[in-house]
2 protein chains.
Amino acid sequence: MMKRTKYCGQISQEDLDKEVVLCGWVHRVRNHGGVVFIDLRDREGIVQVVVEEQSSPSAYEVADKLGSEDVICIKGVVRRRPPGTENPKLKTGNFEVLANYVELINSAEPLPFPVNEETPISEELKLKYRYLDLRRESMKENLLFRHRAYQIIRKVFVENGFVEVETPFLTKSTPEGARDFIVPSRLHPGKFYALPQSPQLFKQILMVAGFDRYFQIVRCLRDEDLRADRQPEFTQIDFEMSFVDEEDVIAITEQLIKTLFEELLGVEVKTPFERLSYQECIERFGSDKPDRRFGLELVELTDLFKNTEFKVFKDVIDKGGVIKAINFNLGELSRKDLDELTKFVRSLGAKGLAWIKVERDKLTSPITKFLKEEEIKGILERTKAKPGDTVLFSADKREMVYKILGNLRLHLAKLFNLQQKDRFDFLWVVDFPLMEWDEEEGRFVSLHHPFTSPREEDIPILQKALETEDLEERKRLVHSVRARAYDLVINGYEVGGGSIRIHRRDLQELVFKLLNISPLEAEEKFGFLLRALSFGAPPHGGLAIGLDRLLAIMRGLDSIRDVIAFPKTQKGICPLTGAPDYVSPKQLKEVHIKTVEYQ
Amino acid sequence: MMKRTKYCGQISQEDLDKEVVLCGWVHRVRNHGGVVFIDLRDREGIVQVVVEEQSSPSAYEVADKLGSEDVICIKGVVRRRPPGTENPKLKTGNFEVLANYVELINSAEPLPFPVNEETPISEELKLKYRYLDLRRESMKENLLFRHRAYQIIRKVFVENGFVEVETPFLTKSTPEGARDFIVPSRLHPGKFYALPQSPQLFKQILMVAGFDRYFQIVRCLRDEDLRADRQPEFTQIDFEMSFVDEEDVIAITEQLIKTLFEELLGVEVKTPFERLSYQECIERFGSDKPDRRFGLELVELTDLFKNTEFKVFKDVIDKGGVIKAINFNLGELSRKDLDELTKFVRSLGAKGLAWIKVERDKLTSPITKFLKEEEIKGILERTKAKPGDTVLFSADKREMVYKILGNLRLHLAKLFNLQQKDRFDFLWVVDFPLMEWDEEEGRFVSLHHPFTSPREEDIPILQKALETEDLEERKRLVHSVRARAYDLVINGYEVGGGSIRIHRRDLQELVFKLLNISPLEAEEKFGFLLRALSFGAPPHGGLAIGLDRLLAIMRGLDSIRDVIAFPKTQKGICPLTGAPDYVSPKQLKEVHIKTVEYQ
């Protein structure tokens, strides 16, 4: 094999009449009467190689037998393509290489699917032959884009004085989070390491150690049910800062996001990003990660019906529920659409879907006959419904209404293609409650994580809540406490989340108590953090960004799998390698476990 | 808390007479009659803060109660220190801050050990209170050095057109390597993921995918016995290139190492590095990773004794063994030293240690009385022994002699402090055998890994070996086959290793056969690699560098633990978090395993 002198995709004017050696894959090959035309491809692109039987018989003999994806090396002279045969679709389309030497380096068997953008391929096949899938232009570009993103991210952090530190993979359970992957220990029978769900505690420890500003692009692992578009391992941009408040963390994050969008996409990003309170998000969008690229906000109607005779609404209000609506004003809803939407909300637990369709001269609706005139008037005024619009109702328990209308918004956006992929809506969601009551567990749980600081002025409320015997009063008090937390939402995805952390041991212990974590349990699980807080912990806070999701949004991709080199399926399988797989009895014995079929 | 305007360690001339706000830790505090002097420390260094009772009584009141490692915030004006009180040991030693405001942000309990360089601390305590350990100047510098190294490494790769790609952590067993850490799967009862020992197969797959040049700074995990200075998880600089030969990989590596040493240490590095064959290393140093910073090379003496009457040597030679010696000429060996060395070689399996001490006018030795005059003359000539030197012998099976003298060299170097930490010896070891016979397993094993390519011209020998029935002949043939592998050795440590890989399926299958891996097993374990090789795999090769070891060598540290933020003990324990630990029965049940005490 000769040594390459240039990438195929970089052949240009400056190579004209010069000899080059190229290596790559046969993208396409065809023989036109004694002349073989090869589209030769490498990472940088494609160039046309011409091999003539007459002038180079031995090269021609090799070239004539080539098939798709064979690996070859060629030597030849760059020339301008004959007028009229240029290919404007190729960067190199004005040139071709007249080869006098062609070497077959490695041949390719017939492919399970062709390497092009057009052929649709099943996810399973794509992942099994990932090396072929990754040869496709769009997939290759996704990973090159990711590569460039890494470098920009680090540049931003390094320029801002952050120190890159690696944290352990074999560590201890991070409780209060998702399910851990566990790793049996060979040297310590019966004990297990846990793979990190995030470096949360380690980055806090680094602040206690005085590193002041830390960052890492780091893999995190969570053994969650892989609903929707999740991966058991994902990559996080993780950072933490000392002696800061929310504004410092938000400012760095905005600088990072702005730089990424501007340098990678050429998209201008205005900072500071808008901020909305958690409460306002829920009220207006039924979600704490609203997609604001389209309207369809939730409208509060409960008060209109306080004297209603419409039984369905009345019952809901009597039970303390609420009535809200969305005015769908971005398209025409047919009867069939409405049936489909009804089915959709039922799947979420709604009893049905009430609606009013506003036409030029009348209202069509299954419910208007039960409503008083002033009620209907109120609805139309409040929702600003015009002819062509349809008002969609939800009457239910408050949380249910948010869930149903929040999801209905997104469902409608998909149906009517309202989510423009090249528009980016950046939003901070702030003023989260610190904890919420979990009915199932019968205790308070953290909305973010138990290391999140409450607002300074709310700390006395926490203290008071702890001293209250009355559970309802305690709930009321606790729910009023706001966290110093902030989520970064882009286009309806929670791309990042962070907070100012608790840096005082007494406050951390108080929060543990309210979370019903006993002092013993706290010591066992978080003893090292509590100790660290008592040896000179600075005020600190930080944020973590889901890199895979961020990149997918930037690239306009639906699935994060397309920005990950070797992702797993929804069942956590890697079709390429076949992981997970059985291991030998010896391996199990070495780590002191056996597999069991639990009943 | 006010916001910091500057780091403590950065106070300089330009701040003179200006007001600053500083945040940090109380490094030292003392009260001299109504004036409190605080050495205030942050990541960037220390500055002296002065608080006068007279001018700032309320600040003084806070300052007077401060203790070591309390976290404080101060406001004050920078002034020049009075003449004669400057501290030349501090960067900021010409200045001090006269504080008019002092706030205690978080107090520190009495410390388990003081934050300074002088106090020796047990490893266990260091790791348990890692956040305090990391506050010490040397440890902090180790991690900042590591941070700078990351950035330089990536700069070199990015400038050379490498693409950074992340590879999976939940993957499949990498056989032919060390022991895997395994992770039970919840969704696939009885099946396990393995944590990656290296991204070897994934980087090869990336080459098949056409990425041309890949790199990653990546965590690798091996469940090996943690003898000496190993960690269960370690960091690797990993890269791979397509359409290259050994010279390309070596050139990039040298550029990387040169850049790191020059930019981080200001040490000039001459390239290309010297190269020695595996055989020569073994013969001259008894090791394939020789430390050449001192002499003490092995000298071959066997032929001198072909007619010897000295029974010990005669017996060894009769059994096919060899006799080699080291002339220790870098210090005086006392009788006590010799006793100690004898004990040392015995611990390695030697029967004893023969020696000849050359004095001005005589030889002292327990063996000269058994030797002929010409034998003694030969020894002295061959070893170039002069008065003051001591010749140390090993007579044993060949492999044993290498082992004993190779280790004896290093032992002597430690005793006599011959390994200068600020001298760096860079070496490529090349021409490794592809495989060696493993007596225990009764089969050939790869010296590097089974994906390493043999030299092109040696492939027919492999073919011939496979066809030979005679095992001895097969061994002879196989042992003569050289690998296209290269190890980077610095100061006696194998810092990196790599090879040109096999890119043809038929050759890979041939190698598997010689390694006694059945086609079924090959398909099961490496089927995806074999398939990838048949769909257009380019020639490729790469290297991996142990980053922890490299950094420890650069920093002159004995232990890699000192360049890792959160390392584990020799028993694989993290004293900070207490990992590994017991998990709940629920967690075990979820992943379909139970712990067992195997007999």
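**Exercise 1. Which residues does UniProt list for "binding site" in this entry?**

Solution. The unreviewed UniProt entry lists A:Glu176, A:Arg222, A:His448 and A:Arg501 under "binding site". The coordinates to which these positions are applied below belong to a predicted model.

**Exercise 2. Carry out the analysis for A:Arg501: is it buried or exposed?**

Solution. A:Arg501 is found in the loop between strand E21 (493-500) and helix H14 (505-514) of chain A. Its relative accessibility is 3%, and therefore A:Arg501 counts as buried. Leaving aside neighbours within four places in sequence, its contacts include A:Gln200, A:Lys203, A:Phe239, A:Glu240, A:His449, A:Phe451 and A:His540. With A:Glu240 the side chain of A:Arg501 makes a side-chain polar contact of 2.7 Å.

**Exercise 3. Describe the interface of chain A and chain B: how many residues does the contact take from each chain?**

Solution. Begin with the extent of the interface: 128 residues come from chain A and 128 residues from chain B, and the two chains bury about 11300 Å² between them, 62% of it on carbon and sulfur atoms. On the side of chain A, the residues that lose the most area to chain B are A:Glu166, A:Phe243 and A:Phe535, which together account for 7% of what that side buries.

Turn next to the specific pairs. Between chain A and chain B there are 20 salt bridges; one of them joins B:Arg186 to A:Asp223, with the closest N and O atoms 3.2 Å apart. Across the interface, 70 residue pairs are in polar contact, both residues being at pLDDT 80 or more. Finally, consider where the side of chain A that touches chain B comes from: helix H4 (residues 137-159) of chain A supplies its largest share, 9 residues. By residue class, this side divides into 67 nonpolar, 26 polar and 35 charged residues.

**Exercise 4. Which residues of helix H14 (residues 505-514) of chain B are buried, and against which elements do they pack?**

Solution. The buried residues of this helix are B:Leu507, B:Gln508, B:Leu510, B:Val511, B:Phe512 and B:Leu514. To read such a pattern, recall that an α-helix has 3.6 residues a turn, so residues three or four places apart point the same way. The buried residues of H14(B) pack against strands E18 (435-438) and E19 (443-446) and against helices H12 (459-467), H13 (471-479) and H15 (519-533) of chain B. Just after H14(B), B:Asn516 takes a positive phi of about 65 degrees.

**Exercise 5. Locate B:Asn327 and state which backbone oxygen its side chain reaches.**

Solution. B:Asn327 belongs to strand E13 (residues 322-328) of chain B, and because its relative accessibility is 6%, B:Asn327 counts as buried. Its side chain reaches the backbone oxygen of B:Thr383 at 3.2 Å. Beyond neighbours within four places in sequence, the contacts of B:Asn327 include B:Leu296, B:Lys384, B:Asp389 and B:Val391.

Definitions and conventions
Residues numbered from 1 in each chain as written. Chains lettered and ligands numbered in written order. Heavy atoms only, no water. UniProt positions renumbered as here; feature names shortened; annotations may be inferred. Helix = DSSP H or I, 4+ residues; strand = E, 2+ residues; numbered from the N terminus. Buried < 20%, exposed > 50% of the residue type's maximum accessible area, 1.4 Å probe, protein only. Contact = heavy atoms within 4.5 Å. Polar contact = N/O pair within 3.5 Å; in protein donor to acceptor, adjacent residues only side chain to side chain. Buried area = accessible area lost by both parts, 1.4 Å probe. Salt bridge = Lys/Arg side-chain N within 4 Å of Asp/Glu carboxyl O. Nonpolar A, V, L, I, M, F, W, Y, C, P; charged D, E, K, R; others polar.
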